[in-house]
Amino acid sequence: MSQQDGRSSSNLPMSEASEPDQAGVSRRSLLMGSAGLTLGGVLGAPAAFAQHTHGGAAPTLHSQEAEASASLSNRLYSVNPVHPNMADIAENPANVPPPITRREPATVRIELEAIEIEAHLDYNSVYRFWTFNGTIPGPFQRIRVGDTVEVTLKNNEESWYPHNVDLHAVTGPGGGAEVTTVAPGETKRFRFRALNPGLYTYHCAVPPVALHIANGMYGMILVEPEEGLTPVDREFYVMQGEIYTEEPFGTAGTLTESYDKLVEERAEYVVFNGHVGALTEHYPLQARVGETIRIFFGVGGPNYTSSFHVIGEIFDRVYLEGSVSSPPLENVQMIKVGPGGSGIVEFTCEVPGRYVLVDHALSRAERGLAGYLFVEGEPNPEIFTAIDADGNPIAPIED
Ligand SMILES: [Cu+2]
């Protein structure tokens with residue numbers, strides 16, 4: 001399972017602008033606006049939906065700038081207007097390999113590269129992230145129980161630090177961490193047998209481990225059971241993490257990591273898929289009414305437990321702790337996922353519109369943590385409609 005996404009070693013130059021134009025959005029209005037959007041009006045945003053046509057490749061920054069004028073939420077969480085040439089580390093949540101169809105074990109390869117890369121953290125700031133393969137989370141790995149897995153970890157020549165990988169799906173010392181510790185420019189390999197099905201996290205475990213995780217070195221590996229998972233219409237890959245900067249949340253410019261805040265567990269940023277806006281403006285989830293949706297959810301952390309919830313939806317089935325060999329719980333509002341943990345949720349959206357992914361510890365929405373799921377389709381007033389004083393349905397607002 002070689003993973004290549006084409007951006008693995010593009011350490012793009014930073015724009016000279018370090019004091020960005022505020023683009024008419026003060027930090028205060030951003031905060032108030034994001035709170036209102038998150039908790040308040042979550043009706044459909046068909047215009048924004050139509051503009052996002054991700055076919056696997058990231059949209060160009062030019063197209064994102066063009067969208068800015070048409071989308072309110074884009075104004076709040078604009079991708080990177082002041083650093084147009086800056087690399088982006090957000091992983092596309094739709095980037096999930098297809099289900100495994102073979103019914104025999106095989107030997108599969110996982111190829112990872114530790115890449116330290118300066119990229120935008122928020123619309124007005126950049127940060128030196130540490131990644132697997134240039135994305136946060138690192139690429140989703142999908143194997144089958146009984147497979148023999150050969151893991152290669154390369155550390156990019158441009159790196160400043162050693163890295164390694166501990167996969168929670170591994171039975172063996174350190175989950176592979178000890179045998180994969182690589183200096184910049186070095187490559188190491190190991191082989192393991194996948195004995196237990198489930199959804200597992202992986203992460204760098206070079207001390208201080210919490211720092212390597214906070215800076216972005218985490219991802220997930222799904223070990224499918226022999227019979228596979230139940231087919232669904234759409235699968236998504238979402239992970240939550242914290243970022244600890246010296247500068248307060250919202251500061252413009254190049255931000256620096258804070259070891260003190262890290263050990264005190266006082267994050268400045270909390271994000272889905274790497275940076276502020278990754279799942280609102282950059283890669284919102286997209287689906288159609290009636291489709292079954294599965295989200296592979298994990299917490300890189302390193303420290304916070306997530307109360308993962310989709311505003312306006314109820315999970316039909318949840319596989320707690322990423323266990324795919326236990327029966328699912330049904331009809332659940334929220335799942336708790338601890339650091340290094342995972343959970344799988346499945347649901348169907350009956351009503352079109354915009355749904356918001358959150359950690360229900362909602363102070364974190366004020367520090368960047370939110371994602372959108374846009375559901376397209378015909379209105380379904382039998383299930384949900386605004387009504388007037390006489391109880392008559394009010395037609396949804398058309399864009
Ligand atoms: Cu590392």
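# A guided tour of the chain

Residues are numbered from 1 along each chain as its sequence is written.

**Colour by confidence.** The average pLDDT (the predictor's confidence in each residue, from 0 to 100) is 83 for the chain, and 77% of the residues score at least 70. Now select residues 1–82, where pLDDT stays under 50 and the model has 136 contacts beyond four places in sequence. A contact means that two C-beta atoms, placed from the backbone, lie within 7 Å. Where pLDDT is low, the predicted coordinates should not be read in detail.

Of its 399 residues, 48% are buried (20 or more other C-beta atoms within 10 Å of the residue's own; 12 or fewer is exposed, in between is partly exposed, with C-beta atoms placed from the backbone). Among contacts with a separation of 6 or more, 76% come from residues 24 or more positions apart.

**Next, select the open sheet.** Its 6 strands follow the order E11-E9-E13-E18-E15-E16, with mixed pairing; two strands pair if DSSP finds at least two bridges between them. At the edges, pairing on one side only, are E11 (269–272) and E16 (329–332). On average, neighbouring strands are turned by 25 degrees against each other, direction ignored (axes are lines fitted to C-alpha atoms, and angles run from 0 to 180 degrees between N-to-C directions).

Zoom in on E15 (residues 315–319), which runs antiparallel to E16 and is joined to it by 3 bridges. Here Phe 315 stands opposite Val 332 in E16. Stay in E16 for Asn 331: its phi is near 60 degrees, a positive value in a residue other than glycine. Asn 331 counts as exposed because it has 10 C-beta neighbours inside 10 Å.

- With 13 C-beta neighbours inside 10 Å, Glu 265 counts as partly exposed.
- Pro 208, between strand E7 (198–203) and helix H6 (209–214), is joined to Pro 207 by a cis peptide bond with omega about -10 degrees.
- Pro 302, between strand E13 (292–301) and strand E14 (306–311), has a cis peptide bond to Gly 301, with omega about 25 degrees.

Technical notes
Predicted model: local features only at pLDDT ≥ 70, side-chain atom pairs only at ≥ 80, totals over all residues. Helix = DSSP H or I, 4+ residues; strand = E, 2+ residues; numbered from the N terminus.
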